[in-house]
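Me: I have a protein on my screen and would like to talk it through with you. Could you take my questions one at a time?

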Amino acid sequence: MKNNNSEYSIGEISKITGVSASAINYYVRSKILESPKKLSKTRSIFNETHIEKIKEIKKLKDDGFPLKLIKKRINCRSTWIRSQEPDFFKIKSANCRYS
């Protein structure tokens, strides 16, 4: 991996994280992931923070969390509690703003 000031294209970040470019673009459009720096209308530059967030999103998705709750988790850093029922998730949070 490059240093902390490194910049990545969407193709590079897709290869590093194992998440498709279209999924990454969806995360940005849905405000699950912070917008990358724009170089032009069609070219964006991502950084190490984006890589870590995408890896976190991927892990939560793999663990069965729906994107709606992943967005809340990413945006407020809340504490999550999963109940015994397989499809029931609760968020225990303080001072969170949901967009």
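Predicted model: local features only at pLDDT ≥ 70, side-chain atom pairs only at ≥ 80, totals over all residues.

Me: How far apart in space are Ile13 and Ile54, C-alpha to C-alpha?
Reply: In sequence, 41 residues separate Ile13 from Ile54. In space, their C-alpha to C-alpha distance is 8.9 Å.

Me: Is Ile13 buried or exposed?
Reply: Ile13 sits in helix H1; helices (H or I, at least four residues) and strands (E, at least two) are DSSP runs, numbered from the N terminus. Buried means under 20% relative accessible area, exposed over 50%, and partly exposed in between, using a 1.4 Å probe and protein chains only. Ile13 has a relative accessible area of 0%, so the answer is buried.

Me: Why do the buried residues of H1 lie on the same side of the helix?
Reply: The residues in question are Ile13, Ser14 and Thr17. They lie on the same side of H1 because of the arc they cover around the axis, taken from the directions from the helix axis to the C-beta atoms. That arc is only 105°.

Me: How are H1 and H2 oriented to each other?
Reply: Helix H1 covers residues 10-17 and helix H2 residues 21-29, and their axes are 9 Å apart, at an angle of about 105°. Axes are lines fitted to C-alpha atoms, for helices over the stretch in contact, and angles run from 0 to 180 degrees between N-to-C directions. Angles under 35 degrees count as roughly parallel, over 145 as roughly antiparallel, 65 to 115 as roughly perpendicular and the rest as oblique. H1 and H2 are therefore roughly perpendicular.

Me: Which residues of H2 make the contact with H1?
Reply: From H1 come Ile10, Ile13, Ser14 and Thr17.

Me: Which residues have the most contacts inside the largest nonpolar core?
Reply: A nonpolar core is a set of buried Ala, Val, Leu, Ile, Met, Phe, Trp, Tyr and Cys residues joined through side-chain atoms within 4.5 Å. The largest one here has 17 residues, and H2, H3 and helix H4 (67-76) each give two or more residues to it. Those with the most contacts inside it are Ile24, Tyr27, Leu33 and Ile70.

Me: Is Ser6 buried or exposed?
Reply: Ser6 lies in the segment before H1, and, leaving aside neighbours within four places in sequence, Ser6 is in contact with Phe46, Asn47 and Glu48. Its relative accessibility is 9%, so Ser6 counts as buried.

Me: And Lys31, is that residue buried or exposed?
Reply: Lys31 belongs to the loop between H2 and strand S1 (37-38). Its phi is near 65°, a positive value in a residue other than glycine. With a relative accessibility of 55%, Lys31 counts as exposed.

Me: To finish, which pattern does the protein follow along the sequence?
Reply: The protein has four helices and four strands. Read along the sequence, they give α-α-β-β-α-α-β-β.

Conventions: Residues numbered from 1 in each chain as written. Heavy atoms only, no water. Contact = heavy atoms within 4.5 Å.
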